[in-house]
Amino acid sequence: MNVLLTGGCGYIGSHVAVVLMAAGHHVAIVDNLSNSHQGVVDRISEIAGRSPAFHRGDVADVKLVRDVIREHSVDSVIHLAGFKSVGESVQWPLKYYQNNVCGALGLLEAMEAESVAHLVFSSSATIYGDPRYLPVDESHPQHVINAYGRSKLHIEDMLRDVCVSRPSLGAVCLRYFNPVGAHSSGLIGDRPRGIPNNLMPYVVQVASGELERLKVFGDDYPTPDGTGVRDYIHVMDLAEGHVAALDYLSSNSGWHAFNLGTGRGYSVLEMIRAFEAQSGRSIPFEITGRRQGDVACSYADIRSAAQGLNWRATRSLEDMCASAWGFQSRLAGG
Ligand code: NAD
Ligand code: UFG
């Protein structure tokens, strides 16, 4: 297939590009590099043994996206481009609606004008809010509490409407739980700008000595050790879920949503111990107060993805930690 991959220079997008190319698909990336670097394209090429097409630009630019679709005879789109910081979205909600919602709008306009009928969209488990039951399945009530989550929900709803108006369209919303880890080459991985917000990149930078100590946000949750529990999924498993979603769209139209997780939760303290074991470094930490907006525990019901997409995560927690450390070590080595 000829796939337009938006946000393909980012953390998840670069892994999706590698997996798509390994599966024999032609990949054209559109990325405005607002949170990434063009050098990632060279690293994707090094891993894949051939180069994806790269177009620097914004997904809201309908003309640019239409040109790319025509140039590469695109038949499917995987849409990952967007902003993703929950805290920033609370401070600058309009920035999130502008980039995420208007970006998706531009992309959908271009797809409609060029009659592209398959779309995979990166949504988030954040749309479920504080879980009312566990594991969280796809029909769990949606309860967003920040502009980032609401931007994802708006896009999911836009896709529902477009699928009703264009019955030939197929759209799969993939609701990611907590992607971590890196490609085994150590060439691509998660390297956020500034101080990391998420647990794993923060732990990695404590291990490397760039940051002094981890703050564990609360040890008084109703979980076995009191720290927050999440469903961490290896980014390569997540990337493979996108290829499975594309396959699904070859025989299914309409709107669909699937959780991508492992179905099992780990606490912050379990993550620290697992990372220490894989890296051989100690992770100094202190317990601080809870972070506003955090939930105690979240993990996915994965039956729907297993049945519908014929996909399930296979990589271990050890692999998640070892590959994240491998990426960091390779970065440090230049
Ligand atoms: P990332 O910031 O590393 O990658 C996003 C990429 O999109 C970047 O390369 C950025 O330059 C690009 N981009 C942003 N806005 C753009 C625009 N308007 N036009 C073109 N390019 C644009 O983030 P990521 O972690 O790889 O996340 C990818 C997607 O997955 C995002 O939509 C995010 O919301 C979603 N997601 C991520 C997580 C997570 O924990 N990482 C969890 C759930 C959902
Ligand atoms: N945590 C710490 N210290 C840190 C960072 C995180 O103790 O410095 C804890 C959090 O309190 C939480 C756990 O580690 O218990 C995971 O936190 P993350 O920030 O890594 O992940 P979240 O589950 O809060 O959110 C992430 C993404 C969201 C996405 C969501 C999907 O940031 O964008 O996963 O489940 F929507």
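This is a predicted model: local features need pLDDT of at least 70, side-chain atom pairs count only at pLDDT 80 or more; totals for chains, interfaces and linings use all residues.

Colleague: Where is the place of Gly13?

Modeller: Gly13 sits in helix α1, residues 11-22.

Colleague: Is Gly13 buried or exposed?

Modeller: Buried. The relative accessible area of Gly13 is 2%, and buried means under 20%.

Colleague: What separates the C-alpha atoms of Gly13 and Ala277?

Modeller: 28 Å between those C-alpha atoms, with Gly13 and Ala277 264 residues apart along the chain.

Colleague: OK, helix packing next. At what angle do α9 and α11 pack?

Modeller: About 60°, with the axes 9 Å apart. Here α9 is residues 268-279 and α11 is residues 317-332. That angle makes α9 oblique to α11.

Colleague: Is the crossing of α9 and α11 left-handed or right-handed?

Modeller: Right-handed.

Colleague: Which residues make the contact?

Modeller: From α9, Met271, Ala274, Phe275, Gln278 and Ser279. From α11, Leu317, Glu318, Cys321, Ala322, Ala324 and Trp325. By class, the contact of α9 with α11 has eight nonpolar residues, two polar and one charged.

Colleague: Now α3 and α5. How do their axes cross?

Modeller: At roughly 45°, and the axes come within 9 Å. Helix α3 covers residues 62-71 and helix α5 covers 93-113. So α3 is oblique to α5. The crossing of α3 and α5 is right-handed.

Colleague: Which residues in α3 meet which in α5?

Modeller: Val62, Val65, Arg66 and Ile69 are the α3 side. They meet Gly106, Leu107, Glu109, Ala110, Met111 and Ala113 of α5. The residues of this α3–α5 contact divide into seven nonpolar, one polar and two charged.

Colleague: Switching topic: where is Thr227 found?

Modeller: In the loop between β8 (214-217) and β9 (229-230).

Colleague: And is Thr227 buried or exposed?

Modeller: Buried, because its relative accessible area is 0% and the cut-off for buried is under 20%.

Colleague: What lies 3.2 Å from a polar atom of the Thr227 side chain?

Modeller: The backbone nitrogen of Val268. The backbone nitrogen of Leu269 lies 3.5 Å from a polar atom of the Thr227 side chain.

Colleague: What does Thr227 touch, not counting residues up to four places away in sequence?

Modeller: Val216, Gly218, Asp219 and Tyr221, plus Ser267, Val268 and Leu269.

Notes
Residues are numbered from 1 along each chain as its sequence is written. Chains are lettered from A and ligands numbered from 1 in the order in which they are written. Side-chain values use heavy atoms; hydrogens and water are left out. Axes are lines fitted to C-alpha atoms, for helices over the stretch in contact, and angles run from 0 to 180 degrees between N-to-C directions. Helices (H or I, at least four residues) and strands (E, at least two) are DSSP runs, numbered from the N terminus. Angles under 35 degrees count as roughly parallel, over 145 as roughly antiparallel, 65 to 115 as roughly perpendicular and the rest as oblique. A crossing is left-handed if the near helix is turned anticlockwise from the far one by less than a right angle, and right-handed if clockwise. Contact means heavy atoms within 4.5 Å. Ala, Val, Leu, Ile, Met, Phe, Trp, Tyr, Cys and Pro count as nonpolar, Asp, Glu, Lys and Arg as charged, and the others, Gly among them, as polar. Buried means under 20% relative accessible area, exposed over 50%, partly exposed in between (1.4 Å probe, protein chains only). A polar contact is a pair of N or O atoms within 3.5 Å; within protein, one must be able to donate a hydrogen and the other to accept it, and residues adjacent in sequence count only if both atoms are side-chain atoms.
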